[in-house]
Amino acid sequence: MRIGLLTEGGYPYAAGEAGLWCDRLVRGLPQHEFELYALSRSAAQEERGRVPLPRHVTHVRTAPLWAPADDGRTHSRRERRRFTDCFRELVRGVCGGNGAPADPEAAEAFAAGLYGLAELARDHGGMYAALRSETAVRALEAGCRAPGAGRGVRAARVPDLLEFADELERMLRPLSLDWYGEHGLGAVDVCHAAAGGVAALPGLLAKRFCGVPLLVTEYGVQLRAHYLDHGPGTPPATGAAVGAPRLAVRALLAAFHVRLAREIYAGADLLTPGNTHARRWQERCGAPRERLRTVYPGMEADRFAAVGEDPGCGDPETLVWVGRVEPAKDLIGLLHAFAEVRRAAPRTRLRIFATAAAPGYLADCRSLAAQLFPDEAADARTVGENPVGFEEVGGPEAPSAADAYAAGRIVLLSSVIEGFPITLAEAMLCGRATVSTDVGAVCEVIGGTGLVVPPRNPRALADACLALLGDPERAQRLGAAARARALELFTVEQNVEAFRESYLRLLARGPSRAEAEVPFGRPAEALVPGHWTTPTWAAADPAGAEEVPV
C-alpha cells in the first residue's frame, strides 16, 4: 500500500513529539510504502535538516510556507475574471453568516471558492500575485462591508486587509503546488494528514481531483491551537496596528480557520482525534460521528521500563514536575501550592525539570521561588540550599525524561491549558502517582489512577500532595495502576496497529472506481513488467496471433 503522509512544520523536519509519532508510525509499518509531503514553517527548520528516513519512505517532496513563492505567473483577462469570481465566493464564506460557524450558506460559498481557486491554480499555475493583488484586497474590503458580515470583521481597515491577504496567500499556497498529478498524491492509496488545517489541505485536494481517501489525525486540534495562539492576550504581529484594527485581523483569521476546519471534517473519510477532548472540538465543528475514531498517541514504553519496574526508586519526599516552562503550565500557582505543602511537611522538596522554557517566565518563577523559600541550612556550618530546584532534562542530573521522573515518587501537573498531557502519560509509564489539574484530556488519561484537582487552586493542589505524601502505600498503588493503564492504552504498538487497521479500512473502501471495477480485483503482480499474469499453458495462436493476458 502507498501512503501519502502530509505534515506541516513537522516530520521529517520535526524534533518534537509531533515528529516522533510520525516517525514511529512510519517505522512501525515497514510493509507499506510512504511518500512524505511536508510543508516547512521557517528557514531555520530547513537548515536543521531532516531526520534519517527508513528505506520504505520512497519519496519526499517539500514546500516552504515562509518564503515568497512568486513564480512570475500572470493571468490573462479571462483567468483574472475567473479568479475574481472564485475569490469573492471564498471571501463571502469567510465574512458571511454573521460570524456563525455553522451557517450552511457561508460554508457552501467557502467550499465553492476554495475548490474554484484550486482548479484555477491546477489549470493555469500559481496565484501568488493574484492573491496579493489590489483586486483581492478590494474583494476582501467588499466582503467585510457586505450585509450579513460578521461584526468582528466590519471594523477592518486597509492595513488589516493587507495583513490578512498576506496570511491568506500563505495558507492557500498548497493550492498552487504540483503534488496532485499521477506522479504525486493522485497515485497513492491513502492520504494521511498528520494534522488538520493547512496540513490537510493537499489531502482535501487529492480527494477532490483524484478520489484518494483522506485520513486526518489531530492530536492537537488546529482550530483550538489557533485560538490559543491568536487570543486577546497575545501581542500583535510586528508592524500591526494595536487595538481594534488587530481585532479585525483576528476575526478574519478565526473565520477562515473555522470554515477550513469544517470543510476538512466534512471531506475526510476518517478522522482520528487523539483523545475525547479533541473529539468534542471536531464534533462541534461538524465532524460526523460515524467517521470519528479515537487513537491515543503512542509512546516508547521501553524508555521508561527500568523506572516503572522499580517502584522503590526515587525519594518519597520529593515532588517532581516535568514539562515546558511557560505561563499555560501555571508554575506560579504550583510554587504557592508547594509553600502550603512545606508548612505541613517541612522535609519535602520540589524538583522542576524543564524540557524547554520561555526565558522571561522562567526568570519570574526563579525569583518567586527565591522569595517564598529562602535558602535553608541544616546547621550553622552547612551551606544553605533552596528546597525548589530548577533543572533541565538532558542535564547532568537528568540525562533523560525517565531520570527526571525517577527523582521522586509523585509527579505534578499544574496546567491551566492542556491538550493531551504527554508528560502525564510518561509519568504513568514510570509507575508514578500523579496529582493533576482538571484541564484538557487529563481525566481521560488518568482514568482514576491519580488525584485530580481544579485548576488555579493552589490550596487544593497542596492538599492532594499532602494526602499522597502522608500515605506512601496509596501512592504506590496508584502508581502501579497508572502504569498498567498506560501500557494498555498509550504504547507505540497500539497506536501503529490502530492506523494499520484504518489504512486497510480506507483501502477496502477505495477511491472513485468505474462501476464494474472490483476492489482488489487487479492482482499486485499485474503491476510488474512482463507477462506475469499470463497462464503458463497459454500458447501463441497457430495463425500468429499474440497471446492474450488474463
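Author: A crossing of two helices is right-handed if the near helix is turned clockwise from the far one by less than a right angle, and left-handed if it is turned anticlockwise. In this predicted model, α13 passes α14 in a right-handed crossing.

Reader: What angle and what axis distance describe the packing of α13 and α14?

Author: Helix α13 (residues 331-344) packs against helix α14 (residues 359-372) at an angle of about 15°, and their axes are 10 Å apart.

Reader: Why is α13 called roughly parallel to α14?

Author: Angles under 35 degrees count as roughly parallel. The angle here is about 15°, so α13 is roughly parallel to α14.

Reader: Which residues make the contact of α13 with α14?

Author: From α13 come Leu331, Ile332, Leu335 and His336, and from α14 come Tyr361, Cys365, Leu368, Ala369 and Leu372. These residues divide into 8 nonpolar, 1 polar and no charged.

Reader: Where do these two helices lie relative to the strands?

Author: α13 lies across β7 (315-325), β8 (349-357), β9 and β10 (408-413), and runs at about 170° to β8. α14 lies across β7, β8 and β9, at about 155° to β9.

Reader: What makes β9 and β12 edge strands?

Author: The order of this open sheet of 6 strands is β9-β8-β7-β10-β11-β12, with parallel pairing. β9 (388-392) and β12 (451-453) each have a single partner strand, so one side of each is left without a neighbour in the sheet. From one strand to the next, the twist averages 25°.

Reader: How do you know that β11 and β12 pair?

Author: Two strands pair if there are at least two bridges between them. Strand β11 (residues 433-437) is joined to β12 by 3 bridges, and the two run parallel. Therefore β11 and β12 meet the criterion. Val435 stands opposite Leu451 in β12.

Reader: What is the strand order in the sheet that holds β1?

Author: The order is β3-β2-β1-β4-β5-β6, an open sheet of 6 strands with parallel pairing. Its edges are β3 (57-64) and β6 (270-273), because each has a single partner strand. Neighbouring strands are turned by 15° against each other on average, direction ignored.

Reader: What makes β1 and β4 a pair?

Author: At least two bridges are needed, and 4 bridges join β1 to strand β4 (residues 190-193), which run parallel. The bridge partner of Leu6 in β4 is Ala193.

Reader: Why is α18 called roughly perpendicular to α19?

Author: Helix α18 (residues 458-469) and helix α19 (residues 472-489) pack at an angle of about 100°, with their axes 6 Å apart. The range for roughly perpendicular is 65 to 115 degrees, so α18 is roughly perpendicular to α19. The contact is made by Ala467, Leu468 and Leu469 of α18 with Pro472, Arg474, Ala475 and Leu478 of α19. The division is 6 nonpolar, no polar and 1 charged.

Reader: What sets Asp330 apart in its backbone?

Author: Its phi is near 50°, a positive value in a residue other than glycine. Most residues other than glycine have a negative phi. Asp330 sits in the loop between β7 and α13.

Reader: Is the peptide bond from Tyr11 to Pro12 cis or trans?

Author: That bond is cis, with omega near 5°. Pro12 is in the loop between β1 (2-8) and α1 (17-28).

Reader: Over which residues is the pLDDT below 50?

Author: The chain averages a pLDDT of 87, and 86% of the residues score at least 70. The stretches below 50 include residues 235-245 and residues 524-534. Where pLDDT is low, the predicted coordinates should not be read in detail.

Terms used: Residues numbered from 1 in each chain as written. Predicted model: local features only at pLDDT ≥ 70, side-chain atom pairs only at ≥ 80, totals over all residues. Heavy atoms only, no water. Axes fitted to C-alpha atoms, helices over the stretch in contact; angles between N-to-C directions. Parallel < 35°, antiparallel > 145°, perpendicular 65-115°, else oblique. Contact = heavy atoms within 4.5 Å. Nonpolar A, V, L, I, M, F, W, Y, C, P; charged D, E, K, R; others polar. pLDDT = per-residue confidence, 0-100.
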